[in-house]
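I opened this model to look up its domains, its pockets and its charged pairs. My notes follow in the order I took them.

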Amino acid sequence: MPIPSTLTARSAAALTGVVRAPGDKSISHRALILGAMATGVTDIDGLLEGDDILATARAVEAFGAGVERLGEGRWRVTGHGGFRQPAGVIDCGNAGTGVRLLMGAAAGYPITAAFDGDASLRKRPMKRVTWPLADMGARFEWPGEEDRLPVTMSGGGLQAIDYRQIVASAQIKSAILLAGLNADGVTTVTEPVPSRDHTERMLRAFGAEVGVLPQASGWRITLRGGQPLTATPVSVPGDPSSAAFPLAAALIVPGSQVSVEGVMLNPLRTGLFETWREMGADLTVANRRTAGGEEVGDVTARHSQLTGVVVPPDRAASMIDEYPILAATAAFAEGRTVMRGIGEMRVKESDRIALMAAGLRACGVAVEEEPEGFTVTGGPARGGATVTTHGDHRIAMSHLVLGLAAAEPVTVDEPAMIATSFPGFVELMRGLGADIASA
Ligand code: S3P
């Protein structure tokens with residue numbers, strides 16, 4: 001099927017059904033990377049087969065690991081206990097997590113690697129990761145603008161550092177810890193508030209000891225260098241950041257009830273669910289269980305009359321990717337939803353504050369934009385706009401969901417980019433009864 005150049009969502013009848021969330025993107029990147037750093041065979045099931053993850057699979061193969069697709073979501077990584085010299089450029093596509101974690105992992109080995117990405121990734125800041133890695137001893141050359149891809153890194157001979165983050169970022173923390181595995185001494189990262197801890201959990205599953213010391217706020221994480229990783233099976237739970245889209249549609253389309261099975265419920269990822277509940281969402285969790293070292297459950301959303309809330313800024317780390325879809329649901333809430341302390345949103349796949357503000361305004365929703373946040377005043381959104389996504393998958397999906405409940409259709413450009421994190425999004429939504437089409 002040719003990929004359409006736009007997609008349009010129209011107000012639908014009630015959405016109903018039970019679906020499965022695609023595999024978690026953060027855990028999928030980590031499973032491939034740790035599998036490649038380890039010794040032995042890592043069998044992964046439930047791997048997200050989105051474009052971001054396929055780029056990381058190609059990257060770890062270029063770094064010398066064996067990578068085989070055994071079936072849908074079932075992948076085998078054969079690690080040789082470290083990365084080897086790659087032959088060509090490591091193209092990370094659209095994936096910020098991919099490139100930053102790969103740089104951290106590769107920094108520990110005596111190899112030279114050139115990293116690059118697509119037009120969006122080339123606009124995103126990289127010094128936040130290369131600066132601490134350089135402090136550990138990695139060397140960087142920037143053929144163009146410093147801080148922006150492409151960059152060539154030479155690794156090996158690292159010394160541990162004690163790094164204090166100003167803004168909580170799991171990508172930076174993870175890059176430093178992965179480098180720290182092959183550094184001399186004990187590497188320490190202190191976060192102002194806890195960020196997603198998938199790297200720490202998975203390092204333990206691969207046999208490494210990781211210390212976590214709670215601080216007045218946030219955590220101090222320690223890792224001794226020189227610990228070998230041993231291959232272990234990884235079962236990837238469903239991605240709460242992707243589950244958010246069908247659940248959001250159920251909350252705002254009258255008469256709807258949608259369940260998403262197998263959603264990861266790691267408390268460092270569920271800030272959106274907490275916020276929706278504060279807004280009055282009918283959101284329930286059944287069948288709580290543990291899968292792949294993470295708590296998962298089946299989440300059901302029913303159409304709800306939402307009320308605007310002030311989202312506590314210290315919740316940002318646990319829902320940083322979810323503000324676009326929160327804003328889309330806030331457009332149907334009564335009153336104001338205030339989102340602050342989220343300046344990081346401006347350096348994601350796009351400037352997400354600016355694009356959500358522009359898209360929502362085009363759909364007739366009142367938005368006040370601030371340097372580090374925005375406020376959405378709800379009321380039924382009119383829709384009737386074509387939204388520029390700048391190739392950002394979450395901006396596209398958020399506006400399509402909004403279009404399902406708006407008075408007039410909503411069209412998004414560059415819908416092919418949705419496949420970076422949620423391949424099959426349109427089919428899954430159509431299966432629930434959504435009217436999303438290419439004209
Ligand atoms: C991620 C961390 C977050 C998030 C990204 C995935 C990760 O980025 O936005 O989509 O897997 O570690 P930051 O660490 O930059 O906040």
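Entry 1: I am working from a predicted model. I number residues from 1 along the chain.

**Entry 2: domains.** I looked up the domain assignment. It gives domain 1 (6-23 + 238-437) and domain 2 (25-222). Domain 1 is therefore written in two segments, 6-23 and 238-437, because the bounds are taken as the domain assignment gives them. I then asked for the spacing. The C-alpha centres of domain 1 and domain 2 are 28 Å apart.

**Entry 3: the interface.** How many residues of domain 1 are in contact with domain 2? I count 24 residues of domain 1 against 26 residues of domain 2. The size of an interface is often quoted as the accessible area lost when the parts come together. For domain 1 and domain 2, the buried area is about 2000 Å². Carbon and sulfur atoms give 50% of that area. On the domain 1 side, I noted Leu268, Glu349 and Thr420. These three supply 26% of the area that domain 1 buries against domain 2, more than any other three residues.

**Entry 4: largest pocket.** I went to the largest pocket next. Its volume is about 610 Å³. I find 40 residues in its lining. Which of them lie nearest the centre? They are Ala168, Ser169, Arg196, Ile320 and Lys348. Helix α1 gives the most, with four residues. I also sorted the lining of the largest pocket by residue class. It divides into 13 nonpolar, 10 polar and 17 charged residues. Domain 1 and domain 2 each contribute at least three residues to the lining of the largest pocket.

**Entry 5: second largest pocket.** The second largest pocket holds about 480 Å³ of space. I find 22 residues lining it, and Ala21, Pro22, Gly23, Gly46 and Leu47 are the closest to its centre. The lining of the second largest pocket divides into 11 nonpolar, six polar and five charged residues. Where does this pocket lie relative to domain 1 and domain 2? Both domains give residues to its lining, so the second largest pocket lies between them.

**Entry 6: salt bridges.** Side chains of opposite charge can pair when their charged atoms come close. I get 30 salt bridges in the structure. Four salt bridges are counted between domain 1 and domain 2. I looked up two pairs by name. Glu344 forms a salt bridge with Arg128, and the closest N and O atoms are 2.9 Å apart. Lys25 forms a salt bridge with Asp52, with the closest N and O atoms 3.8 Å apart. This second pair links distant parts of the chain: Lys25 is in helix α1 and Asp52 is in helix α2 (residues 51-62), 27 residues apart.

**Entry 7: backbone spots.** I checked two places in loops. Leu149 and Pro150 are joined by a cis peptide bond, with omega about 0 degrees. Pro150 sits in the loop between β8 (139-141) and β9 (151-154). What is phi at His390? Phi there is near 50 degrees, a positive value in a residue other than glycine. I placed His390 in the loop between β24 (383-387) and α11 (393-405).

How values were computed
This is a predicted model: local features need pLDDT of at least 70, side-chain atom pairs count only at pLDDT 80 or more; totals for chains, interfaces and linings use all residues. Side-chain values use heavy atoms; hydrogens and water are left out. On a 1 Å grid over the protein atoms alone, a cavity is a set of points where a 1.4 Å probe fits but cannot get out, and a pocket is an open set with protein on both sides within 12 Å along at least five of seven lines; lining residues have an atom within 4 Å of a point. Grid points are joined across faces, edges and corners, and a volume is the space filled by probe spheres set on the points. Ala, Val, Leu, Ile, Met, Phe, Trp, Tyr, Cys and Pro count as nonpolar, Asp, Glu, Lys and Arg as charged, and the others, Gly among them, as polar. Contact means heavy atoms within 4.5 Å. Buried area is the accessible area (1.4 Å probe) that two parts lose on being put together, summed over both. A salt bridge is a side-chain nitrogen of Lys or Arg within 4 Å of a carboxyl oxygen of Asp or Glu.
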